[in-house]
Amino acid sequence: MGLEYNNSFLWFVIGYGLIIVVIGALYSKKVSSSEDFILAGKSLGPVVLMGTLLATWVGSGTVTGGPNSIAYSNGLWPAIGYVIPSLIGITILLLISAKIRNYGKYTVSEILEIKYGPFARILSLIIIVLAFVGIVSYQYQGLGFILHVSTGISVETGTIIGAVLIIFLATIGGLMSVAPTDTLSASIIFVGLIIGVPVILGDIGGFDQLINNVETESLDLFGNLNLLQVMGFYIPVLFLLLGDQNMYQRISASSSDKTTKLGISGWIIGMLISTPLVALLAFSARYYFPELDPGMALISTSLVLPTAIGGLLIAAVTSFIVTTGNSYLLSSATNITYDIYGNYINPKATDKQKLVFTRLLIPVLGLIAYLLTTYFPTVLTVQMYAYTVYGAGITPALLGVFLWSRVTKQAGISSMLAGVTSTLIWEFLDIPFGINSSLISIPIAILVLIVVTLFTSKKQELVDYRKDGLIANEK
């Protein structure tokens with residue numbers, strides 16, 4: 001079956017686009033300070049918090065990369081299993097959520113500075129921008145795929161249109177606008193997936209008919225992958241989530257600790273439902289379209305569905321892609337505003353000046369993200385690169401702040417440098433032996449954090465002991 005476009009879908013995309021633009025514009029009127037723009041005035045309730053956490057995490061990385069691409073290219077079960085690292089990460093965030101809220105910081109870099117000093121703040125900024133701009137780039141590509149199946153325009157042209165929409169929405173209202181549209185997006189994706197999966201399986205003739213028409217190995221526990229390759233997909237997801245600034249900002253934006261726990265619990269339920277359904281739809285695409293760009297697997301199934309249901313699915317996918325792109329653009333711009341502009345360029349900047357600078361910066365970062373789309377060949381490759389840069393460069397040092405009081409300044413900085421450097425070197429060497437860079441760089445970052453802490457903490461204890469003894473002798 002050939003891949004043809006359905007221009008009726010364009011009306012669903014336009015309709016959804018108009019709705020979120022209107023909602024974004026309405027909520028943008030409530031923005032009067034940087035706290036409103038970045039943390040939604042710390043006013044998020046449990047339902048909105050759940051929606052924004054889910055919609056931000058389940059973006060183009062899920063519906064065009066992650067479980068989507070793995071299901072189509074490698075097998076059903078490793079794609080469904082892709083939810084496991086997310087569940088582990090979300091549970092850990094739930095356990096430390098009160099600590100995150102109590103820090104009351106806008107950026108992860110600010111948290112790292114408290115423990116590791118000013119250099120850690122600048123280093124983390126570089127790492128975050130490297131990773132987040134990469135993540136934004138494949139949101140553009142996801143919208144390019146959608147516009148291709150709904151209008152027939154080239155993926156490249158659709159990517160440009162997607163970039164413009166995401167940049168515009170991120171600029172006008174910040175998290176105050178993004179959070180409510182996230183909640184709408186989460187609702188739409190659930191309806192689209194819950195309706196779409198049984199309809200597709202019914203058209204095929206049932207799950208048994210589906211599995212009778214695919215390669216046997218695609219139904220193995222690891223599909224056509226080995227354990228090392230599966231871990232190469234799962235580990236970056238876990239470590240990005242554990243240190244993802246977007247999640248920390250949303251947790252900080254909740255109205256109370258109780259709200260946070262309810263919102264995160266709802267997020268877990270949402271992941272348990274959405275990830276397997278995405279995997280099933282993408283896997284079903286093999287039945288209809290055996291030769292397809294893996295990034296278009298789930299999107300292509302909309303062409304098989306009745307127009308109303310397919311259009312709803314397309315709108316749902318569009319919603320998640322847009323909101324994730326908005327969030328990561330906003331987050332990276334926030335870092336530069338507070339870590340560079342507010343600290344070094346204009347230390348006396350007023351709150352309004354910071355707000356204006358953030359809004360001006362978002363389109364610049366958005367353009368850089370677009371340029372990255374021309375460098376990476378597939379959504380999955382840029383996804384794994386971005387996840388690993390962040391997961392190795394930020395997460396071990398950040399978790400050290402919350403989970404290990406003994407961790408030292410030297411250890412945090414050394415871990416960050418080791419993580420990001422080893423990732424970039426491994427990627428530059430074109431991934432030797434086919435081993436994902438996360439399996440090299442993340443263990444290195446953790447090992448460096450532990451070893452340097454043990455060495456420098458003992459040294460510091462010795463210095464303190466000598467100082468105490470000297471003071472006692474003087475007395």
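## A tour by selection

Select Asp257 and Arg101: they form a salt bridge, with their closest N and O atoms 3.0 Å apart. A salt bridge here is a side-chain nitrogen of Lys or Arg within 4 Å of a carboxyl oxygen of Asp or Glu. This pair links distant parts of the chain, 156 residues apart: Asp257 sits in helix α14 (residues 257-288) and Arg101 in helix α7 (residues 83-103). Helices (H or I, at least four residues) are DSSP runs, numbered from the N terminus. Asp257 counts as partly exposed, at 31% relative accessibility. Buried means under 20% relative accessible area, exposed over 50%, and partly exposed in between (1.4 Å probe, protein chains only).

Some ground rules. This is a predicted model, where local features need pLDDT of at least 70 and side-chain atom pairs count only at pLDDT 80 or more, while totals for chains, interfaces and linings use all residues. Residues are numbered from 1 along each chain as its sequence is written, and side-chain values use heavy atoms, with hydrogens and water left out.

**Next, Arg121.** The structure holds 4 salt bridges. In one of them, the side chains of Arg121 and Glu113 meet at 2.6 Å, N to O. Glu113 is partly exposed, at 23% relative accessibility. Arg121 is buried, at 7%.

Asp339 is buried, at 0% relative accessibility. Show Glu110 as well: salt bridges that share partners join Glu110, Glu113, Arg121 and Asp339 into one network.

**Next, the core.** Select Tyr248 and Trp267. They have the most contacts inside the largest nonpolar core, which has 141 residues. Such a core is a set of buried Ala, Val, Leu, Ile, Met, Phe, Trp, Tyr and Cys residues joined through side-chain atoms within 4.5 Å. Helix α9 (residues 118-151) gives the most to this core, with 18 residues.

Zoom in on Trp267. Beyond its neighbours within four places in sequence, Trp267 is in contact (heavy atoms within 4.5 Å) with Met50, Leu53, Leu54, Trp57, Ile90, Leu93, Leu241 and Met247.

**Last stop, Thr159.** Find Thr159 in helix α10 (residues 155-204). Thr159 is buried, with a relative accessible area of 6%. Its side chain reaches the backbone oxygen of Val155 at 2.7 Å. Leaving aside neighbours within four places in sequence, Thr159 is in contact with Tyr140, Gln141, Gly144, Tyr370 and Thr373.

Technical notes. Helix = DSSP H or I, 4+ residues; strand = E, 2+ residues; numbered from the N terminus. Polar contact = N/O pair within 3.5 Å; in protein donor to acceptor, adjacent residues only side chain to side chain.
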